[in-house]
Amino acid sequence: MKKINLQIIAIVIFMFTASMGFARDFIIFSIVQDLPMGYQNETVNKNFYVNIGSEQGVDLGTTLDVYRTISRLDPYETKQRYQYQVKIGELEVLHTEKDTAIATLKESNIGKDAKVYDIGGFMIGDKVNVKVK
């Protein structure tokens with residue numbers, strides 16, 4: 001009887017702690033921009049809201065790498081789907097909270113050297129990580 005109870009307790013503990021062991025994806029969850037007025041050489045400012053904050057070591061001025069997942073199917077040989085994590089640019093943190101931050105564009109690789117991605121510009125769902133120096 002005690003042996004069964006210990007096994008059940010061990011399984012319950014494993015179920016609660018196993019989910020904490022998985023890495024969490026940090027993403028851009030919202031984008032807010034100025035309304036373009038159509039002026040020549042106008043700069044449209046954008047703020048990017050991300051679900052990574054001071055608990056993950058993000059502070060004012062922290063650089064975040066931005067990655068896009070590009071998925072492609074090989075219909076000929078293996079019929080396998082491939083996932084590519086492509087760095088598309090960097091954000092700089094303007095403000096941080098416990099588990100969220102506001103950032104602005106620091107550098108974009110989209111369009112540089114004729115690089116082509118599915119969508120031009122950062123978008124909701126793009127992954128972010130703290131830049132390792």
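The legends below describe views of a predicted model.

**View 1. Overall fold of the predicted model.** The protein contains one helix and six strands, arranged along the sequence as α-β-β-β-β-β-β. Of its 133 residues, 21% count as buried. Among contacts with a separation of 6 or more, 57% are between residues 24 or more positions apart. The accessible surface comes to about 9800 Å², and carbon and sulfur atoms account for 58% of that area.

**View 2. The largest nonpolar core.** This core has 15 residues. Ile28, Val50, Leu64, Leu91 and Val128 are those with the most contacts inside the core. Two or more core residues come from each of the strands β2 (46-50), β3 (63-73), β4 (81-96) and β5 (101-108). Strand β4 gives the largest share, three residues. In soluble globular proteins, nonpolar side chains tend to be buried together.

**View 3. A nonpolar patch on the surface.** Leu35, Met37 and Tyr39 make up this patch. Together, the three residues Leu35, Met37 and Tyr39 have about 410 Å² of accessible area.

**View 4. Leu35 in its loop.** Leu35 is located in the loop that runs between β1 (28-33) and β2. The relative accessibility of Leu35 is 67%, and the cut-off for exposed is over 50%; Leu35 therefore counts as exposed. This residue, Leu35, belongs to the nonpolar patch with Met37 and Tyr39.

Terms used: Residues numbered from 1 in each chain as written. Predicted model: local features only at pLDDT ≥ 70, side-chain atom pairs only at ≥ 80, totals over all residues. Heavy atoms only, no water. Core = buried A, V, L, I, M, F, W, Y, C linked by side-chain atoms within 4.5 Å. Buried < 20%, exposed > 50% of the residue type's maximum accessible area, 1.4 Å probe, protein only. Helix = DSSP H or I, 4+ residues; strand = E, 2+ residues; numbered from the N terminus. Patch = residues over 30% accessible without salt bridge, like charges linked within 9 Å, V, L, I, M, F, W, Y side chains within 5 Å. Areas by Shrake-Rupley, 256 points an atom, 1.4 Å probe, with all protein chains shown as cover. Salt bridge = Lys/Arg side-chain N within 4 Å of Asp/Glu carboxyl O. Contact = heavy atoms within 4.5 Å.
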